[in-house]
Amino acid sequence: MLRFVILVSLFLHSCVAAPKAPSAAAAVPAKKWLTLNGQEPAVVAKGGFSGLFPESSAPANDLAISTSSPGLTMLCNLQMTKDGVGICLSDIRLDNATTISTLFPKAQKTYKVNGQDLKGWFALDYTADTIFTNVSLVQNIFSRPSIFDGQMPISAVEDVLGTKPPKFWLSVQYDSFYMEHKLSAAEYLRSLRFRGFTYISSPEIGFLKSIGRDAVMSKTKLIFEFKDPEAIEPTTSKKYSELLLNLAAIKAFASGVVVPKDYIWPIDSAKYLKPASTIVADAHKAGLEVYASGFANDMPASYNYSYDPSAEYLQFVDNGQFSVDGFITDFPPTASQAITCFSHQKGNLPRAGHALVITHNGASGDYPGCTDLAYQKAVEDGADVIDCSVQMSKDGIAFCHDSADLTASTTAMTTFMTRATSVPEIQPTNGIFSFDLTWAEIQSLKPQIQSPFLTKAGLPRNPANKNAGKFITLDDFLKFSKEKAVTGVLNAAYLASKKGLGIVEAVKSALTKSTLDKQSTQKVLIQSYDSSVLAGFEAVPPYTRVLTIDKEIGDAPKPSVDEIKKHADAVNLQRSSLVPITESFAAGKTNVVEEMHKGNISVYVSVLRNEYVSVAFDYFSDPTIEFATFIAGNGVDGVVTEFPATATRYLRSPCSDLNKEQPYAILPAEPGSLLSVAAKEAQPPASAPSPPLDAKDVIDPPLPPVANMVANNATGATPDASGRSGSIATTANLGLSLLAILATGLLFATE
């Protein structure tokens, strides 16, 4: 057993980079914590890094140590075999986390545990030799990686102790059950002489009292675990909610308590935070430490956290009123970075690196995209660049909206269903298009937040603000942007030739009106899928042109880069063009960024989102690690995101600067390292590499002239320079220039 642990540990260390030595730690000002002892909250890894690997497996334990803060505590949930050997698994039944049910399909039993009948395969029915020789681990959460299943043996308590974790925590959940079956956890611990145990916890008062003297002798902290408030504690036959009313009595036999996180920050039925309870203050007053349990990046909690797991940790340690003394988590690196890197970030801290934080429809993860509230939130969150995808109304008003089709992101279907039409040049399905509604009609609609993972994973975004905010005109957007020292825009051909609406001219006019074309304080970025659109802005020197490449590429040969340079100064690329993904694993890394940089072309990557289902396993289901991978690992010049707060917090953290020596660093993922740990037969088949960018894909035909639509203009007025213009209509090359409709963009950023 132990030999296996050591071999896997050495292998994983070759895959996972380690933080730099803490030689400069003394230069970092000490943080003031509101914990019981004033020290930094502890990170307790439940079963090691069980968010990725099977619980308490050797790789889970090793990865937890190598990616977390130096004082990590390793937690093992104790179960006991028929011959009294301790193993590490959280459930008293083995079938959900091991292969035992396939090995012994007819051995299922039913036992009464704490008054309830439980059916399954139990450790106490098997000897340690049978378990260690035959049974292997599987991931017990369906949404987590399964490619490591059946490859790793169950760990004995001694195996985990043998890895010499900085601190060790043993959780004894079912002592009274084992005692009924002639097995004693207390005697097992005495056989080990309590060596190496920093903490021992249990939800059973009788057990903690029975080992009190041994714990004192070994300087082991005893921790009482609270279960569901309505559950019954076996020793006293009282509900845990009753025991919570007398914390002074718990202090008589324990030095701390573990409570589910909802005990501290309750969540209402709509999944928003309620006011904090007084449990931390009450426990600290009684001299008890408080450890919060139940943290996992892939189990969304409150909408208040915007699907950002670091934000949840900060709510418990950096709220200005109290701090828990530690977290019990399946993802210890995320807890480590929240404590070490993000806590006590007050004010507008300096940024590490030059990468820009660019929004996708404003802070569209928190509010309906392209609304005033989404833009205000983006500015508050520290975005460098806010964007406005420019659409045109029937009466020629340029406004911000992600798509010409209003059906998905507004309430248009309930109001203007009869106005739905088919425009094959834009999309294959019917839609209600902005150019068929007047600005007044569009203003009558409510915006609607878009949740890209609602259907796939049941993850809605901020339901309380589902219809909050209002759409704004391009003129108002530019005014707001100029006042806030940030800006941005977007969209051409179908509207020009078929509707007499010239977006390029409307954008030029709006920029001239805002004087952004005549100043150097703010840099203006013009973004489009279409090189012909970018050509329309070539004569304005202050503008930086950005070409969006909407296909996945695996290489950027020099001829293609040279062609891009004729039309643009930067490119906006898909994430998978930089880090290809295979079945939610980062399979490798391309050299596209390096090739673009050789041609003096800046690279932006899009779109980054917080929801864990959009984040590769290699990023630890943590959007911060994804930002680190693209910014520090790939060297991109900007990230396009719907959650700018997450990106700016990372960039303002000292842990994002890998050139500094510090106790802890937020390291980029090493694509391919996790896949290499799995057995070859379990790895997904390698995907064919994406094709290289072809120079001909960069060149687009000229845009058609704007049609003269005066006769059909809704107002009957002659179109003017603000976008109501037109020369002679033409439909030449219409189909070839349609990409311009999908996204012509303006983005602005402070230098």
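Which helices and strands do the buried residues of α26 pack against? I began there, working from a predicted model.

**Entry 1: helix α26**

I looked up α26, which spans residues 644-651. I found the helix mostly covered, with 7 of its 8 residues buried. The buried residues are P644, T646, A647, T648, R649, Y650 and L651. I then listed what these buried residues pack against: the helices α13 (309-317), α14 (332-342), α15 (372-380) and α25 (623-633), and the strands β12 (356-359) and β23 (638-641). That settles my opening question.

**Entry 2: the disulfides**

I searched the whole structure for disulfides and found 3. Counting bonded cysteines along the chain, I noted the pattern 1-2, 3-6, 4-5.

I took C76 and C88 to begin with. Their sulfur atoms are 2.0 Å apart, and the two form a disulfide. C76 is in strand β2 (residues 73-80) and C88 in strand β3 (residues 86-88), and the two are 12 residues apart. The link of C76 and C88 is left-handed, with -100 degrees about the S-S bond.

Next I looked at C341 and C655, which a disulfide joins with 2.1 Å from S to S. I recorded -95 degrees about the S-S bond, and the link of C341 and C655 is left-handed. C341 has 3% relative accessibility and therefore counts as buried, since buried means under 20% relative accessible area. C655 also counts as buried, at 3% relative accessibility.

Then I turned to C388 and C400, a disulfide with its sulfur atoms 2.0 Å apart. The torsion about the S-S bond of C388 and C400 is about -105 degrees, so this disulfide is left-handed. C388 lies in the loop between β13 (385-387) and β14 (390-392), while C400 is in strand β15 (residues 398-400), so the pair ties together parts 12 residues apart in sequence. I found both C388 and C400 buried.

**Entry 3: C370**

A disulfide needs the sulfur atoms within 2.5 Å. C370 is buried, with a relative accessible area of 0%.

In soluble globular proteins, nonpolar side chains tend to be buried together. I looked for such groups here. The largest nonpolar core has 159 residues, and V157, F224, I264 and M596 touch the most other members. Another core, of 12 residues, lies apart from the largest one. Among its members I noted I87, L94, A97 and Y126.

**Entry 4: the second largest cavity**

Rolling a probe the size of a water molecule over the atoms shows where empty space is left. How much space lies in the second largest cavity? I noted about 160 Å³. I counted 16 residues in the lining of this cavity. Of these, N297, P300, A301, Y307 and D308 lie nearest its centre. By class, I wrote down 10 nonpolar, 4 polar and 2 charged residues for the lining.

Key:
Residues numbered from 1 in each chain as written. Predicted model: local features only at pLDDT ≥ 70, side-chain atom pairs only at ≥ 80, totals over all residues. Heavy atoms only, no water. Helix = DSSP H or I, 4+ residues; strand = E, 2+ residues; numbered from the N terminus. Buried < 20%, exposed > 50% of the residue type's maximum accessible area, 1.4 Å probe, protein only. Core = buried A, V, L, I, M, F, W, Y, C linked by side-chain atoms within 4.5 Å. 1 Å grid on protein atoms, 1.4 Å probe; cavity = no way out; pocket = protein on both sides within 12 Å on 5 of 7 lines; lining within 4 Å. Points joined across faces, edges and corners; volume = space filled by probe spheres on them. Nonpolar A, V, L, I, M, F, W, Y, C, P; charged D, E, K, R; others polar. Contact = heavy atoms within 4.5 Å.
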